[in-house]
Amino acid sequence: MSKTIIISNRLPLQIKIEEDEISVSQSVGGLATGMKSVHEDGDSLWIGWSGLTEEEITDTTRDKVQKEIEKNKCAMVPLSEDDVDHFYYGFSNKTLWPLFHYFMEYTTFEQENWESYKRVNQKFADVVLDHVEDGDTIWVHDYQLLLLPNYIKQKKPDTNIGFFLHIPFPSYEVFRTFPWREEVLEGMLGADLIGFHTYDYERHFLSCVRRLIHLETNFNEISYDDRIIKVDSFPMGIDYDKFYNAALAHENMNGDEKSDIQKRLDEHLYSSDDAKMILSIDRLDYTKGIPNRIKAFEYFLEKYPEYQQKVRLIMLAVPSRSNVPQYQLLKRETDELVGRINGKFSTVSWTPVWYFYRSLPFDNLIDLYTSCDVAMITPIRDGMNLVAKEYVATRVKQDGVLVLSEMAGASKEMNEALLINPNNFEAIADKLKQALEMPKEEQKERITSMQARLKRYSVEKWAEEFFTALNTSKTVRNTIVSK
Ligand code: ADP
Ligand code: G6P
């Protein structure tokens, strides 16, 4: 029976080894959480990196790791320490990630890292080729694997290959600065269908294909050798029912079942009649606009002092890529800003910002989503941002307000949110006030229409539409070849 092979750099599970014992946790990030639901429900094999380097896996632990991987319908691509340094931290996260998010001043172009990127993409191809059988469908994900579609297509021309980019595709003016631009475009063009979150990313890609490798494009189709490659936008959804049902169960929880975090949240909520909580959740990443958010909140407390002691920002930052210097600087800057604002405004009974720098279990995420009156999501640039969608899905009483950056892909589908430019503190402060004072009726109207859309366009639907388009693209190719 044919299967789907999902390939991403990170597997949905993260394995750690301590004293010959392995521990397993869930991977963080939109790709992993979104695709996990698709993988669990379907007949698929997921190929990727376990989070461990080859040097970390000993003879005693190899079997245990392998069993855990297989139990989760996965297969592992072995990465060495050198691969992790140059391919993962180096090319993926010091070159492609900042460049594609328009942080050109953070982008480095190192030949050694590029060589490693090519080598590791080839390693992924080798593992895929070991597992692929006739009739299988291949779905490659994200910026760490831009060369992989072509590596597979070269060896298995008849296999149907989809590629989806989970981050923005930058405009031509930015992409043209990239030294290996032609190779990367050709790598992606190994796929039969190339998907993006938004129409803007799609048209940037098409423009680069036209202007940099001079291929003919016809609306959203590219002619390349004897193939027609389709390009389209598929805004990724969430597992709506999972979040909604978890929030419903949370509503019916009794006192003894509450987590410590929930009890602390309750203390603030019940401290006065009009106490409010504002939530932000992200990986600690410079694209997420965390310093801007804290500064805007500080400005809000200065501009509207009547809110001091009444409102609290609950900020969850999940550790991420901490070997990259820019992430270490961001950690320091965030710690300092939280310290500054808390030092400036705190009283004996109130601290304006509660800051958690750790990964929390799913149930605690639900505690946070369901307890906070406002979600304040202010990325400087973000491919989609699933946290915004998850917050809305958990509002089972149809209350709550989403303040969302226009720079997040999600803003294209969430017009009922209060949209802000993350660099405009004046506007953020005003929208925050509007959010905190929004009448219940208006909250309900906005949340209800966003929920209806999220429920309709769930992650399952997203995957289904991608597969349907991929199967159609195969038909187009067969027609051309048989002519
Ligand atoms: P990004 O993909 O850039 O990290 P998104 O907002 O699109 O940003 O996705 C973040 C995802 O990570 C969300 O699905 C969120 O639920 C998930 N997440 C956040 N914190 C945790 C955590 N502690 N454990 C597991 N998943 C988490
Ligand atoms: C974003 C990227 C994913 C990545 C995730 C977590 O969601 O699009 O590809 O897996 O961040 O980052 P990490 O570097 O820890 O895999």
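**Exercise 1.** Work out how the residues of the shell around ligand 1 divide into nonpolar, polar and charged.

*Solution.* Start with the classes: Ala, Val, Leu, Ile, Met, Phe, Trp, Tyr, Cys and Pro count as nonpolar, Asp, Glu, Lys and Arg as charged, and the others, Gly among them, as polar. Sorted that way, the shell around ligand 1 has 8 nonpolar, 6 polar and 2 charged residues. Next, see who is there: 16 residues surround ligand 1, and the closest are Gly-30, Thr-33, Ser-359, Leu-386 and Val-387 (a residue is near a molecule if its C-beta atom, placed from the backbone, lies within 6 Å of it). Last, look at the elements: H1, strand S12 (276–283) and helix H14 (386–393) each supply at least two residues, and H14 has the largest share, with 3. Helices (H or I, at least four residues) and strands (E, at least two) are DSSP runs, numbered from the N terminus.

A word on the model: it is predicted, local features need pLDDT of at least 70, and side-chain atom pairs count only at pLDDT 80 or more, while totals for chains, interfaces and linings use all residues. Residues are numbered from 1 along each chain as its sequence is written, with chains lettered from A and ligands numbered from 1 in the order in which they are written.

**Exercise 2.** Find which helix gives the most to the shell around ligand 2.

*Solution.* List the shell: Arg-10, Gly-29, Gly-30, Leu-31, Ala-32, Asp-142, His-166, Ile-167, Ser-320 and Arg-321. Helix H1 (residues 30–41) comes out on top, with 3 residues. By class, the shell holds 3 nonpolar, 4 polar and 3 charged residues.

**Exercise 3.** Is Asn-385 buried or exposed, and what about Gln-398?

*Solution.* Take Asn-385 in the loop between strand S15 (374–377) and H14. Its phi is positive, about 85°, although it isn't a glycine. Asn-385 counts as buried because it has 24 C-beta neighbours inside 10 Å (buried is 20 or more other C-beta atoms within 10 Å of its own, exposed 12 or fewer, partly exposed in between, with C-beta atoms placed from the backbone). Now go to Gln-398, in the loop between H14 and strand S16 (401–405). Gln-398 isn't a glycine either, yet has a positive phi of about 55°. With 15 C-beta neighbours inside 10 Å, Gln-398 is partly exposed.
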